[in-house]
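Take a walk through this structure, one stop at a time. Keep the sequence beside you as you read.

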Amino acid sequence: MARTRYHDCPQILREFLTYHETIKGQSSQTIDEYYLDLRMFLRFMVLMKREMPYDTDLDSIDIKAVDLDFLRTITTPDIFDFLAYLANDRVKYEDSSHPEAGIGASARARKLSAIKSFYKYLTVRTKQLSVNPVQDLEFPKIRKSLPKYLTLEQCTQLLSAVQGPNAKRDFAILMLFLNCGIRRAELVGLNLSDVYEDRIRVVGKGNKERIVFMGAACKRAIDDYLPERSRVVLSDNRALFGSRDKNRISVTAVHRLVKKHMLAAGLDASQLSAHKLRHTAATLMLSNGVDVKTVQEVLGHENLNTTQIYTHIENTELRIASEANPISKIKIKKN
């Protein structure tokens, strides 16, 4: 594993991360999430197994000595203890002036997913262990909620509010989100060579490539921006979008510029984000007659079930439209 930031990991964990990076082709973001979640898990196991003082700082525990013999001692009840710690004791926001204890079900599910992947690697892929203590564990129940999105009127409001020295760049970014439904990381990774006449080449999760077509308004936004981009030299001059410090634009910078224009448009920036623009693109496509399978391909969802959440939104809108029809309120007297 080339990344020096994993120096505090035991060898067995580094090998797992390398496997997911080189063999499974997982993105660097996914690898980092595995690293953070499994490091926390192993630190907690060391804390419990070595019976350290209760007030020991979990983040200070050295796990470099963790090996297969140690992992064999971990049982299903130990995993339950870790999940209980996450639900009841783990601080939600460490930098908060009033930290809350206990993290949500979705965050706990992500950590359990990382643990399951780790043990599957050890038992099935490499056969280094014979017992998988998490094999039959169920994921925490997550309350499903419909994703927030902008109406067409709010989209127009947002795009009309774009001003400032980087207006053409920011307008093009917003149009790509709203028209093409790409992810923030996908937008950040776009190169000049990924832009064709009426389409873009997108590299999504797991380094999977897909072609996404741009609508006429989105294409105009890109065409208006490209002459401006050609006058700028970036540290990575392949990048389609750059930052004011002449680097490839970052995910954080994209997040900030979206929030900035949301506020300028009078929208609730605390409830809306760059990812919500992706939700908006999916919702607008479905509510205007695009079939769910096509939307799946546009968004780059591996599983159709991920896309089908937007059909609930579409159905809600159709129900509202039906109720708005005056015929829905007519009362017929029956003889």
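Where is the place of arginine 39? Arginine 39 sits in helix H2, which covers residues 28-49. Keep in mind that this is a predicted model.

Is arginine 39 buried or exposed? Its relative accessibility is 18%. Buried means under 20%, so arginine 39 counts as buried. Now look at what surrounds this residue. Setting aside neighbours within four places in sequence, arginine 39 is in contact with Asp8, Leu13, Tyr34 and Ile63.

Next comes the packing of the interior. In soluble globular proteins, nonpolar side chains tend to be buried together. Here, the largest nonpolar core holds 46 residues. Within this core, Leu176, Phe177, Ile182, Ile200, Phe241, Val258 and Leu277 touch the most other members. H7 gives the most, with eight residues.

Phenylalanine 177 deserves a stop of its own. Leaving out neighbours within four places in sequence, phenylalanine 177 is in contact with Ile182, Arg183, Arg184, Leu187, Val254, Val258, Ala274, Leu277, Arg278 and Ala281. Another core lies apart from the largest one. That other core has 41 residues, among them Leu13, Ile74, Leu83 and Tyr119.

Helix H7 spans residues 167-180, and helix H11 spans residues 274-287. Their axes come within 6 Å and cross at roughly 45°. H7 and H11 are therefore oblique to each other. On the H7 side, Leu174, Phe177 and Leu178 make the contact.

Finish with the loops. Which loop holds lysine 127? Lysine 127 lies between helix H5 (105-125) and helix H6 (152-160). Phi of lysine 127 is near 55°, a positive value in a residue other than glycine. Its relative accessible area is 63%. Exposed means over 50%, so lysine 127 is exposed.

Lysine 246 also has a positive phi, about 70°, although it is not a glycine. Lysine 246 is in the loop between helix H9 (216-230) and helix H10 (251-264). At 42% relative accessibility, lysine 246 counts as partly exposed.

Key: Residues are numbered from 1 along each chain as its sequence is written. This is a predicted model: local features need pLDDT of at least 70, side-chain atom pairs count only at pLDDT 80 or more; totals for chains, interfaces and linings use all residues. Side-chain values use heavy atoms; hydrogens and water are left out. Helices (H or I, at least four residues) and strands (E, at least two) are DSSP runs, numbered from the N terminus. Buried means under 20% relative accessible area, exposed over 50%, partly exposed in between (1.4 Å probe, protein chains only). Axes are lines fitted to C-alpha atoms, for helices over the stretch in contact, and angles run from 0 to 180 degrees between N-to-C directions. Angles under 35 degrees count as roughly parallel, over 145 as roughly antiparallel, 65 to 115 as roughly perpendicular and the rest as oblique. Contact means heavy atoms within 4.5 Å. A nonpolar core is a set of buried Ala, Val, Leu, Ile, Met, Phe, Trp, Tyr and Cys residues joined through side-chain atoms within 4.5 Å.
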